[in-house]
Amino acid sequence: MTDTLIERTLSDLAFSLPGSCALFHDYKLDFCCAGQRSLGEAASEQGLDARRIAQELQALPPANEQTDWRLTSNDQLIDHILERYHKVHREQLPALIPLAERVEKTHAAHPQCPAGLTAHLKTIQEELEWHMCKEESVLFPWLRQGIPLSHVQGPIGVMRHEHDEHSQSLAVLADLTDDLTVPADGCNSWRRLYSGLEELRRDLMQHIHLENNLLFLGANHPA
């Protein structure tokens, strides 16, 4: 069983094993933009013990009933992405940016102050908004109409490239914040900021995962 898990792709494991995404976050395994790699390949690239990770995957408790997005129509999947991710990102960033600005100003002299974080979040907001608008106005309507994926590979390629850029932005975010580590003497605002950023990071990766590894591959089919 362990060997079988090691041979499966990160995206397949993320879809089929509840709790696997949280485990991949803990190990910093990219299951969204690099989800087509096997667990063994991904672990080897980062010097991780694939067998240990596979054993932890095996030990994950069964989750409560949840939607298997592989068994939904394009309309259902797109509606979910719009409601759960596009809408939520548009709420997250306007709340996080002023909080980041407050932390930067209040703790400018602190050695762990995330200098430049506010500006970086504004860039993420601008780039993500433009990306989501293109999906909502162009690509998603085409996919709802049932236009063959072979006819929309150009726009899909652009979206995938922008997803890679979002992933790079998350890497910069980690660098600016010491991987979202609040200093021991960090105030409540600092803690709320990093907690919100962790939620944003996990949501954005899950968002990209659903698009890259399901919607853009045409891998979802109604049961």
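What volume does the second largest pocket have? It comes to about 340 Å³, in a predicted model where local features need pLDDT of at least 70, side-chain atom pairs count only at pLDDT 80 or more, and totals for chains, interfaces and linings use all residues. Residues are numbered from 1 along each chain as its sequence is written, and side-chain values use heavy atoms, with hydrogens and water left out.

**Ground rules**
- A pocket here is an open set of points on a 1 Å grid over the protein atoms alone, where a 1.4 Å probe fits, with protein on both sides within 12 Å along at least five of seven lines; lining residues have an atom within 4 Å of a point.
- Volume is the space filled by probe spheres set on the points.

**Largest pocket**
- This one has a volume of about 390 Å³.
- It is lined by 18 residues, and A14, Q66, T67, W69 and Q206 sit closest to its centre.
- Helix 2 (10-16), helix 3 (20-27), helix 6 (74-106) and helix 9 (188-212) each give two or more residues to its lining; helices are DSSP runs (H or I, at least four residues) numbered from the N terminus.
- Domain 1 (1-59) and domain 2 (70-217) both contribute lining residues, so the pocket lies between them; the domain bounds come from an automatic or database assignment.

**Second largest pocket**
- Of its 16 lining residues, H25, K28, D179, R201 and M205 are closest to the centre.
- Helix 3, helix 8 (153-176) and helix 9 supply at least two lining residues each.
- Domain 1 and domain 2 each provide at least three residues of this lining.
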